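Please read them with the coordinates open.

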Amino acid sequence: MLTEVALTPQVFDPENNPDTEPWLGCISELGHGFFPRGGAPPVMVANLQDGGWAGEVKNAVGRITDHRARVRVQQLASRLKEIVIDRPSVNYWPDGEEGWANEAVASHKFEPIGRIVLTDGFGESYQPSAGKCCTLKQTCQDTFWEGIQSSGPVPMNIGQQVALLRPVCAHAHYLVLKLPHVRGSRDDETPFAAALFESAFRRSARFQPVQAELHVSGEGLQGRALTNTVSNIHSSLAQALPRGSEVLLCLRPRFIDRKLVAGILTKSAGQVLRAPRWAISFDHVARPHDNRSDATWSLIAPQNLAALAKDLDMNATSLLDRRMLHF
Amino acid sequence: MITKIAIENFKGIGERVEIPIRPLTLLFGPNSAGKSSIMHAFHYAREIFERHNLDADRTIAGGDFVDLGGFQNFVHDHKPDNVIRFRLDMDLREADAPEYYFPVATWRMFPAWSSGWVSVEIAWDDLRQRPFVKSYEAGVNEDLFGRITCERGEVVISKCEFDHPALMDETEEDEDLGVTPLEDLVHELDVEEFLAGDDFIHLLNQEDALPPCGRPLTIDHNWEAEPSFDPEGQRQPAGAIAELVGGLSQVFVGMADIARDELRRFYYLGPFRQKPPRDYTPPRFPDTSRWATGLGAWDVLHAAEEKLLDHVNLWMAHEVGLDTGYTLQRKGYVLLDEEGPLYSNLVTYRAFDEIEDLALELDQQPKRGQLVLANEAGLLLALQDVGEGIAQVLPVVVAALCPDASAVQIEQPELHLHPKQQAALGDLLIRGALGKPAKPIIAETHSEHLVLRVLRRIRETTRGDEPFMGIPVTAENVAVYYVQMKVGQSSLLSIDVDDKGEFVQPWPDDFFEIDFQERFA
């Protein structure tokens, strides 16, 4: 599933990659892996130092004089903005590749980063205090890409499933979880929802707080049945969620699909807008007592995100009801 | 100014789509997805309000370029049972009050109107084998004012909100009582008597539900009773009826008139611009239909003030503009008959003996104007002698800068242009949409370079950089729509732009990824 990758800006710098051909080969490999044709990018790229990393990458690309190399690297660098997520700075402004590597490792200690990629020249001698560091040429090996995939089988265990979604839980500014069988019971999909939101709310104070939304099937729920169901869901979530957190519960007409849509908040003309960045389709999610051996999850391609986000609009007139649950 | 159009059952558009119009509205999408249908919807709307041409094939705005083919061709799915619906929302803050049409209505209603809308339903009449306006609605400040319907040839005001808050007369004492002048009138006229027990107000002298533009409604009334006079006893029965007619007309007809006037000044520039012939002569009367083929731009330039020509040249030649290397020059020629005495006197120098007479003679000869292009070396060239890109872009430049249009629709503004010039087109469209005079621009385009320039200007504005051309651009100024065809229907997806000049929603196709995929494949 989704994996977070940090790269030092020197990975894009011609001065740190004197062998042009192998360097461009690795850049192509990253391009293929990060942006599979027709599929969803299975990685997030850490924009270290509160986004200062992106500026350093831009400067590095600007130093490329070889036209062919410049076009190739610029193409990748310009598309990275679609998958970067800002990470708060930990150390002072990094000086050189060692500084950036140390920044990535220090940031990893706050919130794990799946891979930290360094240039070949520097990476071979670097001794990290934590984190999974590798050199640029290792990105051309299959081992680097293990577990980084747009779709695949996942174990039917709530803890393991939520762990796979940790990058989204940690970085999304908002999460919309759509599950059909949530009634507040211990045997339905409520425990999965609770665990997922718990993971999302459990983030460093340096990260932006998250808005959580749970869309459930509310067909036929009226009067007392509706009140009881909402109350049960609230009680079940309350056991997992920290005090002060909030979840918007949206009751929809009957549906059978399971989705998670997440993204970042951005401003446009004085309004805060939701920019969808990641979406996952689940054929099943784990329940506490589940007999299934596994499920298949797929990241949803970016070209389908806008329509999906529109479908999950919390202000949609098709919603049967919505309640803000306070904990 | 038209701020939104809603379309239903027109061409590829089945279910209702609403398109809010911003100063710069960009339509993207695959070929034949329905982008042009949106453009054509404006043309058809103009036909409806200007000429009551419901079975339109050729349109005024589309000129020689657009042929809608008649109702049965453009109704969605070609099913005559489908009802075409349009709604136009308008910003009335700078619109002229329509009350001059109906001076009898003396209440000052209009100042309270900040926006208004008209909505029409066009259906097929099986009996007469032609389309008719089945229903017409007018609204003020978002709320419905009234509806006129046409059923089996009977035209009635089937709904009217006499107590519409926007009709409150701020100058009248009744304001305190919350009674509108129209409500007051209806009460005074004893509406039940007035309507002779009917539920509706019947209308005469109109073919269907669309009110006659530019003239008041004609009410079929059966009113003979004495009205109750106001305390001063000043109002006369005939005057009261006329005032009611005036009031109803002011909203129903006035709103249609505003829509018509707005649509009349929509300039449409089609996707292929023609070069004027070498012996081109501009028409003596402006003809907006010539914009569809781009010739309208040449007509405007011929008659334009020097200032417009200077602006066009600045954009054509300056390095921060399109940098084409060409400027336009207006040349005037006197036509001389080779067989005539003046010509023979000139070639034999005899004419110069009487120099004052010569000037007079020359002034009386027929003249012709011609627009030519001058390249950087000063060589004058006819438009036929330069590259296609110049011929295609020049009408775009004129349309963007022309002060006469209320709005401009352009298909493929980037046609035949180099990528750098496509980016500069982004600035040109910004200038047209947000400069002075500003006019909304709706452009159908496939140009990534154009949209990237617009996004860059938004980013620069947010960052506080000196605005290019002194025109700040915000996310609010730009609307981007992606039109796509799904299961035989055009649908519209709004792609928001944030203050950082980035798209909020991911692009629905490979539009911005083609280069990447080609290079990394």
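The points below run from confidence, through each chain and the interface, to single residues.

1. **Confidence.** This is a predicted model. The predictor assigns the complex an ipTM of 0.79 and a pTM of 0.84. Chain B has a mean pLDDT of 85, and 87% of its residues reach 70 or more. One stretch needs care: over residues 100-108 of chain B, pLDDT stays under 50. The model still has 21 contacts beyond four places in sequence for residues 100-108 of chain B. I would flag these when the model is passed on.

2. **Chain A, overall.** Ten helices and 13 strands make up the secondary structure of chain A. Its C-alpha atoms fill a box of roughly 70 × 50 × 35 Å along the principal axes. Of the 327 residues, 42% count as buried. Among contacts in chain A with a separation of 6 or more, 73% come from residues 24 or more positions apart.

3. **Chain A, domains.** Eleven residues of domain 1 of chain A are in contact with ten residues of domain 2 of chain A. On the domain 1 side, the touching residues divide into six nonpolar, three polar and two charged.

4. **A:I158.** This residue lies in helix α6 (residues 158-164) of chain A. A:I158 has 20 other C-beta atoms within 10 Å, so it counts as buried. Beyond residues up to four places away in sequence, A:I158 touches A:P191, A:F192, A:A195 and A:A286. For scale, A:I158 and A:D86 are 72 residues apart in sequence and 28 Å apart in space, C-alpha to C-alpha.

5. **The interface.** How many residues of each chain are in contact with the other? The count is 21 residues of chain A and 21 residues of chain B. On chain A, five elements each supply at least two residues: α1 (20-34), α3 (67-80), β10 (258-268), β11 (271-282) and α10 (305-311). The largest share, four residues, comes from α10(A). By type, the chain A side divides into ten nonpolar, seven polar and four charged residues.

6. **A:L305.** A:L305 lies in helix α10 of chain A. A:L305 is buried, with 22 other C-beta atoms within 10 Å. Leaving aside neighbours within four places in sequence, A:L305 is in contact with A:P276, A:A279 and A:I300, and also with B:Q505 and B:P506. The C-alpha atoms of A:L305 and A:V261 are separated by 8.3 Å, although the two are 44 residues apart along the chain.

7. **Chain B, overall.** The secondary structure of chain B comes to 13 helices and 18 strands. Buried residues make up 43% of its 521 residues. Residues 24 or more positions apart account for 65% of the chain B contacts with a separation of 6 or more.

8. **Helix α10 of chain B.** This helix covers residues 388-401. At 1.5 Å a residue, its 14 residues should span 20 Å; the end C-alpha atoms are 21 Å apart, which agrees. Is it enclosed or open? Eleven of the 14 residues are buried, so α10(B) is largely enclosed by the rest of the structure. Among the buried residues are B:I390, B:Q392 and the run from B:L394 through B:P395 to B:V396. The cover includes β11 (266-269), α6 (295-303), α7 (306-317), β15 (407-411), α11 (419-434) and β16 (441-444) of chain B.

9. **Backbone geometry in chain B.** A cis peptide bond joins B:K436 and B:P437, with omega about -5°. B:P437 lies in the loop between α11 and β16 of chain B. B:N9 has a positive phi of about 60° although it is not a glycine. B:N9 sits in the loop between β1 (2-8) and β2 (17-20) of chain B. B:R152 also is not a glycine, yet has a positive phi of about 50°. Its place is the loop between β7 (143-151) and β8 (154-160) of chain B.

10. **Buried or exposed?** B:N9 counts as buried, with 22 C-beta neighbours inside 10 Å. B:R152 is exposed, with 6 other C-beta atoms within 10 Å.

Terms used:
Residues are numbered from 1 along each chain as its sequence is written. Chains are lettered from A and ligands numbered from 1 in the order in which they are written. This is a predicted model: local features need pLDDT of at least 70, side-chain atom pairs count only at pLDDT 80 or more; totals for chains, interfaces and linings use all residues. Two residues are in contact if their C-beta atoms, placed from the backbone, lie within 7 Å. Ala, Val, Leu, Ile, Met, Phe, Trp, Tyr, Cys and Pro count as nonpolar, Asp, Glu, Lys and Arg as charged, and the others, Gly among them, as polar. A residue is buried if 20 or more other C-beta atoms lie within 10 Å of its own, exposed if 12 or fewer, and partly exposed in between; C-beta atoms are placed from the backbone. The expected span of a helix is 1.5 Å times one less than its number of residues. pLDDT is the predictor's confidence in each residue, from 0 to 100.
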